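Subject: Two-chain model, handed over with notes

Hi,

Here is the model I promised to pass on to you. Have a look at it first, and then read on for my notes.

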Amino acid sequence: MNAARESIVTADGLTKRFAEVAAVDGLSFSVNHGEIFGLVGPDGAGKTTTMRMLAGVLRPDGGGIVIDGVDVVADPESGKPHLSYMPQRFGLYEELTVDENIRFYADLFEVAQDVREERASRLLAASGMSQFRGRRAGQLSGGMKQKLGLTCALVHTPQILLLDEPTTGVDPVSRREFWGILYGLREEGVTILITTAYLDEAERCNRLALLHNGHLLYCDTPAALKQRMSGAVVAITSSAGRAAHAAIADLAGVSNVILVGSGVHAVVDDAASRIPALRDALQRGNVVFDDIAVTAPSIEDVFVALLEDERRPR
Amino acid sequence: MFARIIPMVIKEFLQLRRDKAARFLLVVPPILQMLLFGYAATFEVYHVSTAVLDLDHSQESRDLIARFTSNGRFNVMKLARSQRGIDKAIDSSEATVAIVVHAGFAELLRKGQGAPLQVIVDGTNSNTALIALGYINTIAAGFAQDYVTDLMQRVGQETRPLQVTLEQWPWFNPDLNGRWFFVPGVIGTLTLVLIVNLTAFAIVREREVGTLEQIMVSPIRPAEFILGKTVPFFLVGLGEVALVVAVGLLWFRIPFVGNPFVLLFGTALFLLSSLAVGLLISTVCSTQQQAFSTNFFILSPFFILSGFAFPIASMPQVLQWFTFVNPLRYYLVVIRATLLKGVGIDVLWPDFVAMAILALLLLTLSILRFRKTLE
Ligand SMILES: Nc1ncnc2c1ncn2[C@@H]1O[C@H](COP(=O)(O)OP(=O)(O)O)[C@@H](O)[C@H]1O
Ligand SMILES: [Mg+2]
């Protein structure tokens, strides 16, 4: 099978502007059948706008979208039966119970009775929601609402699932369950496009597209993206992350410093020669630290570095 | 083809059933407004503030003034001492009506001549002024009549009837019929406001909450969506009309001489055309705030230009044209005719046809306007 046959969603030169702002600007990428494809980028990068155009609820100003061989810009309705789209803010009917919400969306997609019941039970069980089926959606926690949204979006069997920041504001346990469901769907052959603000989740995708100001910066597997990064990442383990950041941010050869849970990560051009300089700077600044060592870059390091390269005037 | 209408309807009713505030708003305010406006909206005049100047100080003049004092229509605020006092009372709006009995009033009467009674009316509200004049005329005529009868008995001879010095107002109707005319109008107006308000927010709210985006990615057709919104509000509207008509019949004792089915049919067409107005507003606006302002902008002219209080025939031609797209205009004719006159379809059919065309046109427009996109 060649690559062209495998791709199920193709965006080609996609453009959308709102008044002055080009929210999406000549964006091209293609998503392969059966993969989890991540759209990542800072707020305002154009992720939601891209998702909406793919879902057919926003008309692009230019460019094309082909979903499963069908030009959906010409006929947005033709893509809808194949698609499932979970907006950033999923529209649940708060007065309706979990079951009633599911039934409503199942009716809209004309899902057969036995199929919907089986699917709903399985999805609700996977997300630990089985005992809440009679509860009103408005009384669910944020994480449960997102899981119910996913269940509603999946109650018909879509080939392609579009998820816009489905895990934002969701607790870690629910997030793990959520990803469990996504892996299960990938097994079933569902293609998933996901946007996320959590870069540890980006690492779970097969391929990633990094968006910035409506442009595509890079599109590759997480591993390949890490290789693309020039230099090395030095991890400084310290409880005084901010002080450490301040002490080393302006050193020569340090292109980037980001705060992480355990301290700071510094991107340097050459680890061997820069570590002593970093050590000196920290001691001069009276910053207490436990350890300083080269580490494998996380996807977050990579993105911050790549974005920084992009923003820096050339 | 229209399979998705039923789930839409079920969903709408479930939402309504669970929404305590909405249930309350559908029942209590309409009843209260019906009671309130049923009393407020009337051409009849009660308790007209009145100033009196008696320069005659005769038995006759006191008799005449007593007829005003004892009459519920007039409220004698002030017994003036001079013409200046009268002028001041009218100028300061202390009194709407002033009655002056000039010296020599009794003498003229005793001579069997017509006696003048000076009446000054504040014409600012010409309607009230005319009606008050009508009452004064009635009282004066009654007084003259009684005086003649009395005089004949006392004198025992034929006297020529005394002249009534005020002009007659033959259209005046001192009875309760004014309320009969207005209560059906209040029913129609309340229903219009309620239904347009309900439906105008129906789609905008889903847009704001975010459920609309979800509905748009489903294969639902615009017609299914719009009709799915139409059916529940239509049924709710029927309930509302039944409620306010019941208040009209049971509380205000409005007669219902016509055929209930003619009224039902007319009400159905009226509801369809009014909720189509609301749905159109809802498809055009993108926020509830916008819908609110648009409603206000639309409903006021609908009310003024409906024939509720101001006869359409007296309006300038341009405004009369506007009334043709006003569903309330037709419904007021239908509801007054069916309740009060017992007129049937043979007479009302043009209004029925007009409402049907409006409903069809506006619903089609809503369906065409409803794009399954976020812009
Ligand atoms: N409906 C809209 N009207 C005007 N501007 C918009 C609209 N939607 C998005 N934008 C603008 O387009 C840009 C991209 O937004 P969005 O796609 O929501 O980004 P992201 O989802 O990556 O945070 C932002 O600058 C945003 O302000
Ligand atoms: Mg977004």
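Below is what was found in it, starting with the conventions and then going from the chains to single residues.

This is a predicted model, so local features need pLDDT of at least 70 and side-chain atom pairs count only at pLDDT 80 or more, while totals for chains, interfaces and linings use all residues. Residues are numbered from 1 along each chain as its sequence is written, chains are lettered from A and ligands numbered from 1 in the order in which they are written, and side-chain values use heavy atoms, with hydrogens and water left out.

**The chains**

Chain A has 314 residues, and 50% of them are buried (buried means under 20% relative accessible area, exposed over 50%, partly exposed in between, with a 1.4 Å probe and protein chains only). Its secondary structure comes to 12 helices and 14 strands; these are DSSP runs, numbered from the N terminus, with helices being H or I of at least four residues and strands E of at least two. Along the principal axes, the C-alpha atoms of chain A fill a box of roughly 70 × 45 × 40 Å. Of the contacts in chain A between residues at least 6 apart in sequence, 69% join residues at least 24 apart (contact means heavy atoms within 4.5 Å).

Both chains are divided into domains, with bounds that come from an automatic or database domain assignment. In chain A, domain 1 covers 3-225 and domain 2 covers 230-296, and their centres, taken over C-alpha atoms, are 37 Å apart.

**Where A meets B**

The interface brings 27 residues of chain A into contact with 25 residues of chain B. About 2,600 Å² is buried between the two chains, 58% of it on carbon and sulfur atoms; buried area is the accessible area (1.4 Å probe) that two parts lose on being put together, summed over both. V57(A), Y93(A) and L108(A) supply 23% of the area that chain A buries against chain B, more than any other three residues.

There are 11 residue pairs in polar contact across the interface, both residues at pLDDT 80 or more. A polar contact is a pair of N or O atoms within 3.5 Å; within protein, one must be able to donate a hydrogen and the other to accept it, and residues adjacent in sequence count only if both atoms are side-chain atoms. On the side of chain A that touches chain B, the elements giving two or more residues are α2 (47-55) and α4 (98-108), and α4(A) gives the most, with five. The residues on that side divide into 13 nonpolar, three polar and 11 charged.

**Salt bridges**

The structure holds 27 salt bridges over all chains, and three of them are between chain A and chain B (a side-chain nitrogen of Lys or Arg within 4 Å of a carboxyl oxygen of Asp or Glu). In one, E100(A) pairs with R18(B), the closest N and O atoms being 2.8 Å apart. In another, R4(B) and E110(A) come to 2.9 Å between the closest N and O atoms. R4(B) lies in the segment before α1 (5-18) of chain B and E110(A) in the loop between α4 and α5 (113-126) of chain A, so this pair joins two chains. R4(B) is buried at 5% relative accessible area, whereas E110(A) is partly exposed at 48%.

Within chain B, K229(B) and E206(B) form a salt bridge at 2.8 Å between the closest N and O atoms. K229(B) sits in helix α9 (residues 222-250) and E206(B) in helix α7 (residues 177-209), so the pair ties together parts that are 23 residues apart in sequence. Both K229(B) and E206(B) are buried.

**Single residues**

N326(B) is found in the loop between α12 (317-323) and α13 (327-341) of chain B, and is buried at 0% relative accessible area. Its side chain reaches the backbone oxygen of L305(B) at 3.1 Å, and a polar atom of that side chain lies 3.0 Å from the backbone nitrogen of L328(B).

A19(A), in the loop between β1 (7-18) and β2 (21-32) of chain A, has a positive phi near 50° without being glycine. A19(A) is exposed at 73% relative accessible area.

How values were computed: Ala, Val, Leu, Ile, Met, Phe, Trp, Tyr, Cys and Pro count as nonpolar, Asp, Glu, Lys and Arg as charged, and the others, Gly among them, as polar.
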